[in-house]
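The sequence and structure come next.

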Amino acid sequence: MASNSTEILHEFSPLLRVYKGGRVERLAGKDIVAASVDQETGVESKDVQISPELDISARLYLPKKAKQGTKLPLLVYFHGGGFFVESTFSPFYHPCLNAVVAEADVVAVSVNYRLAPEHPLPTAFEDSWIALQWVASHLNGEGPEAWLRGYADFDRVFLGGDSAGGSIAHNMALKVGLEKLKGVNVEGIFLNCPYFWGKEPVGSEATRLEKKGHLSFWNKSYVEAAWHFVYPNTTGLDDPLLNPVMEPNLSRLGCRRVLVCVAEQDILRDRGWFYKEALEKSEWAGDVEVVEVAGEDHVFNLFFPKGENALSLLKKLASFINGNGV
């Protein structure tokens, strides 16, 4: 079959399409914005290469208030996009990180991992672990990046992400608990509408009606088909990378605090609550809180960042990072 074939092999409209010849057409998540000094917040950003040979990179953020000699909490963030679209350089994620860095007064590293289907899972998880190890290399004034050497407090590290990035953040915290990052204390993780799922429905999943609007495609069949597409060798919908409740080492999650945001209209809503229950039933010794936002859908804060609920979530996250929540 010629590489310019127009016969469709996989259709994940409105995000991605794959043709029988192997051509991948991304229908969304391709736009990028440059690193800069943000005019609204004064947050400065710059792009760095973590592993040029693997094409793993990141965007670093430094708040306006940063002062030499004063260490700030460090947020390592993983973007969403179903593991197959979007990037840390996206016009959705760049202003989001600017806002978080300004509100919470943190240093941030927004990780750009490789995407499926060109790089099927578990590549995104492997890339993210490489990125965390790179971050940890800046302990004790070492490592290539001055912002991390000079401003990051490695005793106050937080992992965060939305949707697929929330799944990554959880799995990175689990890996920290199992394998450790020497000298790094992951204090907490923030999961925004995390992409968790499972073979058996929980909560209201089995009775949810088809949705309308810009996220009408985001339903049970889409979520399940997308997982098998991005991870052809998965063990299934109860793969612990997707369904953390099936993880036998859940109690070894490598942080002390967890904040989960779920949206009332999101198909993934009940999974966030189920995750909380599973953590509490395990022997994990930390504290977990779920914030449910009424009337909103999946990752609403990215689509409507100036909305009242998005601004409220931003303040909640800042409070969580600065030790005033959970």
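Pro-117 sits in the loop between S7 and H2, where helices (H or I, at least four residues) and strands (E, at least two) are DSSP runs numbered from the N terminus. The model is predicted, so local features need pLDDT of at least 70 and side-chain atom pairs count only at pLDDT 80 or more, while totals for chains, interfaces and linings use all residues. Residues are numbered from 1 along each chain as its sequence is written, and side-chain values use heavy atoms, with hydrogens and water left out.

The bond between Ala-116 and Pro-117 is a cis peptide bond. Another cis bond runs from Ser-13 to Pro-14, and Pro-14 belongs to the loop between S1 and S2. Asp-105, in the loop between H1 and S7, has a positive phi although it is not glycine. Most residues other than glycine have a negative phi, and most peptide bonds are trans.

| Backbone feature | Angle |
|---|---|
| Ser-13 to Pro-14, cis | omega near 10 degrees |
| Ala-116 to Pro-117, cis | omega about 5 degrees |
| Asp-105, positive phi | phi near 55 degrees |

Strands of a sheet pair through backbone hydrogen bonds, either parallel or antiparallel. Two strands are taken to pair if DSSP finds at least two bridges between them. Axes are lines fitted to C-alpha atoms, for helices over the stretch in contact, and angles run from 0 to 180 degrees between N-to-C directions.

Tyr-77 has Ser-110 in S7 as its bridge partner.

Three strands make up an open antiparallel sheet in the order S1-S2-S3. Strand S1 (8-12) and strand S3 (24-26) are at the edges with a single partner strand each, so one side of each has no neighbour in the sheet. The twist from one strand to the next averages 10 degrees. Four bridges link S1 and strand S2 (residues 16-19) in the antiparallel sense; Ile-8 has Tyr-19 in S2 as its bridge partner. Helix H5 (residues 220-230) packs on this sheet and touches S1 and S2, its direction making about 130 degrees with that of S1. Contact means heavy atoms within 4.5 Å.

The domain assignment, automatic or from a database, gives domain 1 (1-30) and domain 2 (36-322). Their C-alpha centres lie 27 Å apart, and the contact takes 11 residues from domain 1 and 12 residues from domain 2.

How many cavities of 30 Å³ or more are there? The count is one. A cavity is a set of points on a 1 Å grid over the protein atoms alone where a 1.4 Å probe fits but cannot get out, and lining residues have an atom within 4 Å of a point. Grid points are joined across faces, edges and corners, and a volume is the space filled by probe spheres set on the points. The largest cavity has a volume of about 40 Å³. Its lining consists of Leu-132, Val-135, Ala-136, Val-157, Leu-159, Leu-181, Val-184 and Val-186. Helix H2 (123-136) and S8 each supply at least two lining residues, and H2 gives the most, with three. The lining divides into eight nonpolar, no polar and no charged residues, with Ala, Val, Leu, Ile, Met, Phe, Trp, Tyr, Cys and Pro counted as nonpolar, Asp, Glu, Lys and Arg as charged, and the others, Gly among them, as polar.

Key: On a 1 Å grid over the protein atoms alone, a cavity is a set of points where a 1.4 Å probe fits but cannot get out, and a pocket is an open set with protein on both sides within 12 Å along at least five of seven lines; lining residues have an atom within 4 Å of a point.
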